[in-house]
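Colleague: I am new to this structure. Could you walk me through it?

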Amino acid sequence: LEKFNKIETGMTYEQVVEIIGEEGTIISETDITGDGEYHTAMYYWYAENWISNANVTIQRGKVVSKVQIGLD
């Protein structure tokens, strides 16, 4: 939860990875124009208990939303 709370809207994926300490897994991904201009990807990270998790959505290279379940 402490790491999750450090993630802010406008951060890059690389900044999120630096905070969490590992790459995320892509849940979904789309690129409307095919040139990366409107690329959107949702990533998830599981906690050590493999139940709690954090999801972060990156759109146009920046965090636009985040949600967590069960982190404490």
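**Reading the helix, the sheet and the core**

Modeller: Start with the side of α2 turned away from its buried side: that face carries the exposed residues E14 and E18. Exposed means over 50% relative accessible area, buried under 20%, and partly exposed in between, with a 1.4 Å probe and protein chains only. Helices (H or I, at least four residues) and strands (E, at least two) are DSSP runs, numbered from the N terminus. This is a predicted model: local features need pLDDT of at least 70, side-chain atom pairs count only at pLDDT 80 or more, and totals for chains, interfaces and linings use all residues. Residues are numbered from 1 along each chain as its sequence is written, and side-chain values use heavy atoms, with hydrogens and water left out.

Colleague: Which residues of helix α2 are buried?

Modeller: In α2 (residues 13-20), they are Y13, V16, V17 and I20. Seen down the axis, these buried residues fall within an arc of 100 degrees, so they line one face of the helix. The arc is taken from the directions from the helix axis to the C-beta atoms.

Colleague: What do the buried residues of α2 pack against?

Modeller: They pack against α1 (2-6), β2 (39-46), β3 (53-59) and β4 (62-69). Contact means heavy atoms within 4.5 Å. Just after α2, G21 takes a positive phi of about 100 degrees.

Colleague: In what order do the strands of the sheet stand?

Modeller: The open sheet has four strands, ordered β1-β2-β3-β4, with antiparallel pairing. Two strands pair if DSSP finds at least two bridges between them. β1 (25-31) and β4 are at the edges with a single partner strand each, so one side of each has no neighbour in the sheet.

Colleague: How many bridges join β1 to β2?

Modeller: Six, and the two strands run antiparallel. T25 has Y44 in β2 as its bridge partner.

Colleague: Where is S28, and what does S28 touch?

Modeller: S28 lies in strand β1. S28 is partly exposed, at 39% relative accessible area. Leaving out residues up to four places away in sequence, S28 touches T40, A41 and M42.

Colleague: Which residues form the largest nonpolar core?

Modeller: In soluble globular proteins, nonpolar side chains tend to be buried together. A nonpolar core is a set of buried Ala, Val, Leu, Ile, Met, Phe, Trp, Tyr and Cys residues joined through side-chain atoms within 4.5 Å. Here the largest has twelve residues: I7, M11, Y13, V16, V17, I20, A41, Y43, W45, V56, I58 and V63. α2 gives the most, with four residues.
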